[in-house]
2 protein chains.
Amino acid sequence: MNFANLSFEQPLLAEDLLTISQDKRPLVTFQFEEYLVVKGKQVNNSLNEAVPLRHPIKIHEAMRYSLLAGGKRVRPILCIASCELVGGDESLAMPMACALEMIHTASLIHDDLPCMDNDDLRRGKPTNHKVFGEATAVLAGDALLSLAFEHIASNTRNISPDRVVCAIAELSTAIGSQGLVAGQMMDLESEGKEVSLNELEYIHVHKTAKLLEACLVCGTIVGGGNTADIERVRKYARCIGLLFQVVDDILDVTKSSEELGKTAGKDLVSNKATYPKLMGIDKAKKFASELMIQAVEELAYFDAARAAPLYHLANYIANREN
Amino acid sequence: MNFANLSFEQPLLAEDLLTISQDKRPLVTFQFEEYLVVKGKQVNNSLNEAVPLRHPIKIHEAMRYSLLAGGKRVRPILCIASCELVGGDESLAMPMACALEMIHTASLIHDDLPCMDNDDLRRGKPTNHKVFGEATAVLAGDALLSLAFEHIASNTRNISPDRVVCAIAELSTAIGSQGLVAGQMMDLESEGKEVSLNELEYIHVHKTAKLLEACLVCGTIVGGGNTADIERVRKYARCIGLLFQVVDDILDVTKSSEELGKTAGKDLVSNKATYPKLMGIDKAKKFASELMIQAVEELAYFDAARAAPLYHLANYIANREN
């Protein structure tokens with residue numbers, strides 16, 4: 001099979017994956033949908049336990065409202081899958097996985113604020129500040145951010161503390177003024193302006209890709225991966241991260257608000273930089289396809305059975321419909 | 001000397017401290033003002049280096065604007081002093097000390113937002129959102145919060161990683177929905193309502209005291225303290241933390257905006273709970289005095305020379321004028 005011919009609309013099949021794998025065990029037996037459902041449920045259970053409804057009730061209600069709003073848990077699952085990729089058990093990665101979803105949720109709550117993107121809908125529900133008010137939304141974001149680090153530091157078990165510190169360094173770097181915040185900052189500054197491809201990539205790499213990279217790298221660290229493992233996973237992650245945003249932009253143009261569960265077409269209307277706007281919808285889809293191929297190639301260095309979830313995740317991110 | 005007779009207006013003298021110290025070395029030789037100046041400068045230098053002005057410029061300008069606005073660095077100095085109390089070198093505590101100031105600053109930036117306390121002045125200067133806009137202020141707070149954990153995880157040297165993880169757990173717990181955020185939440189909810197003494201103490205313990213406790217406990221952890229050391233420092237910290245807020249409330253009533261560098265009397269005007277409002281100014285001062293005495297008694301278990309900064313800090317917090 002020629003991977004250059006893989007198009008965005010043409011899902012990567014398990015049979016195809018075998019041809020680029022060093023290990024020839026039948027990946028077709030891997031049930032990806034079931035994997036997502038099972039891992040998603042385990043993440044949801046852990047998140048539910050991590051934020052009990054206690055005093056002061058309102059702040060915990062606000063935290064739980066957004067955290068348990070039924071996202072796809074892509075970030076926690078990436079973390080668990082990379083932990084398993086290098087032979088680690090899911091339980092090693094679960095506190096880290098939950099922390100990643102807490103941080104992602106915190107950034108969504110703050111991004112939706114009236115002074116930021118001013119969004120009314122998120123995952124098909126009114127945004128946090130619409131339900132709880134702005135002050136509580138700011139605090140709920142802050143609390144989820146703090147809880148993420150607390151959860152890692154207090155609940156990670158059976159991992160040497162130097163790996164925990166290393167993972168915390170990786171994660172915190174990904175979300176600060178050289179990561180997530182930098183992306184959001186440049187995104188806000190680009191509104192209403194002409195944006196070059198370089199600027200567009202800067203925004204997406206920082207706003208989306210760096211956190212996805214941290215998910216995968218942190219999973220590899222807590223799973224026991226060595227330096228070479230970490231660097232390979234990092235390369236895979238960089239492709240996947242950008243892929244995620246490109247697909248997001250494409251979906252934003254092609255889907256309705258009802259299908260997406262958020263205010264669709266908003267980025268385009270507000271003159272915000274998006275890939276389809278800059279390179280056209282067809283080239284954006286081709287770009288997504290190329291990114292997926294590059295990502296999958298990095299996985300060839302690992303045991304094929306353990307790599308199966310990440311093979312399928314690349315394909316899933318490329319072909320998701322909401 | 002009878003410590004029960006110590007009043008708020010009567011500073012604790014170094015000679016008095018000797019009488020409750022196990023070690024009779026002349027504490028009078030300790031130059032407290034010089035200690036504050038030297039440590040404050042070292043903290044300022046480290047903070048300046050920790051947040052270089054890089055791309056994206058605006059977010060780093062906003063972070064630096066509030067972080068380097070010239071606070072007294074009480075939190076970092078508490079951290080360094082407790083590290084030294086148990087025999088640790090200042091360099092062990094410096095990344096943690098800087099992180100504490102970053103977190104404190106992040107909370108001030110968010111607290112000042114229009115949707116929160118809506119303050120225009122902080123440390124004698126326009127608040128962050130007044131200068132950089134609300135969106136940047138939200139992001140600057142988020143970035144400082146992230147940077148705090150990054151700074152600890154990436155720059156702490158010569159400390160076993162299990163102590164670093166333990167300190168991160170302590171710190172993150174202090175600032176989340178069971179700490180700082182809980183205090184701010186209850187504070188916002190109490191506006192315009194009658195507040196009991198229990199509720200008032202809850203707000204202050206969570207909004208102020210828990211972070212000060214974390215400063216001291218984290219300093220003790222990175223300084224090499226054992227469990228007994230940590231618990232004694234924790235007791236000292238709880239007294240000091242509450243003392244800090246009581247004095248803050250008293251200053252808010254008795255001083256003008258110009259002297260304080262922030263909008264004075266605001267808590268009273270907006271019907272916010274304060275100690276002077278609830279128990280009267282004289283009883284509030286007596287309460288402050290009692291808290292200082294309890295704090296100082298915990299220090300008697302440590303080497304007097306090493307404990308000198310914390311003896312004097314208790315006195316300084318009780319008697320500060322802005």
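Buried residues make up 61% of the 322 residues in chain A. Buried here means under 20% relative accessible area, exposed means over 50%, and partly exposed is in between, with a 1.4 Å probe and protein chains only. The accessible surface of chain A comes to about 12,300 Å². Of that surface, 49% belongs to carbon and sulfur atoms. These areas come from the Shrake-Rupley method with a 1.4 Å probe, and for residues only the protein chains shown count as cover.

A word on the ground rules. This is a predicted model, where local features need pLDDT of at least 70 and side-chain atom pairs count only at pLDDT 80 or more, while totals for chains, interfaces and linings use all residues. Residues are numbered from 1 along each chain as its sequence is written, chains are lettered from A and ligands numbered from 1 in the order in which they are written, and side-chain values use heavy atoms, with hydrogens and water left out.

How confident is the predictor? pLDDT is its confidence in each residue, from 0 to 100. Chain A averages 87, and 86% of the residues score at least 70. Over residues 1-26 of chain A, though, the pLDDT is below 50. That stretch still has 55 contacts in the model beyond near neighbours in sequence. Where pLDDT is low, the predicted coordinates should not be read in detail.

Now the fold. Chain A has 16 helices and 2 strands. Both are DSSP runs, numbered from the N terminus: helices are H or I with at least four residues, strands are E with at least two. Next, contacts, meaning heavy atoms within 4.5 Å. Take the contacts in chain A with a separation of 6 or more: 73% of them join residues 24 or more positions apart.

Here is one residue as an example. B:A81 is found in helix α4 of chain B. Is B:A81 buried or exposed? It counts as buried, at 0% relative accessibility. Leaving out residues up to four places away in sequence, B:A81 touches B:Y35, B:P309, B:L310 and B:L313. B:A81 and B:L216 are 135 residues apart in sequence, yet their C-alpha atoms are 7.8 Å apart in space.

On to salt bridges. The rule wants a side-chain nitrogen of Lys or Arg within 4 Å of a carboxyl oxygen of Asp or Glu. Over all chains, the structure holds 28. One of them joins B:E84 and B:K39, at 2.8 Å from N to O. This pair links distant parts of the chain: B:E84 is in helix α4 (residues 74-85) and B:K39 in helix α2 (residues 32-50), 45 residues apart. B:K39 counts as buried, at 9% relative accessibility.

Compare B:K286 and B:E290. Their closest N and O atoms are 2.8 Å apart. Why are they separated by about one helical turn? Because they sit 4 residues apart in helix α15 (residues 281-298) of chain B. B:K286 is exposed, with a relative accessible area of 53%. B:E290 is partly exposed, at 36%.

Some salt bridges join up. A:E170, A:E213, A:E231, A:R234 and A:R238 are linked in a network. A:E170 lies in helix α8 (residues 161-175) of chain A. At 18% relative accessibility, A:E170 counts as buried. Residues up to four places away aside, A:E170 touches A:E213, A:A214, A:V217, A:C218 and A:R234.

Now put the two chains together. A rotation of 180° with 0.0 Å of shift along its axis superposes chain A on chain B, with an RMSD of 0.0 Å. So the two copies are related as by a two-fold rotation axis. The superposition is by least squares on the C-alpha atoms of residues with pLDDT of at least 70 in both. In chain A, the C-alpha nearest the axis is that of A:P161, 2.6 Å from it.

How many residues meet? 44 residues of chain A are in contact with 44 residues of chain B. The chains bury about 3,800 Å² between them, 74% of it on carbon and sulfur atoms. Buried area is the accessible area (1.4 Å probe) that two parts lose on being put together, summed over both. A:L139, A:V165 and A:M185 supply 14% of the area that chain A buries against chain B, more than any other three residues.

Last item. Across this interface the rule finds 2 salt bridges. A:K58 forms a salt bridge with B:E189, with the closest N and O atoms 3.8 Å apart.

Definitions and conventions. pLDDT = per-residue confidence, 0-100.
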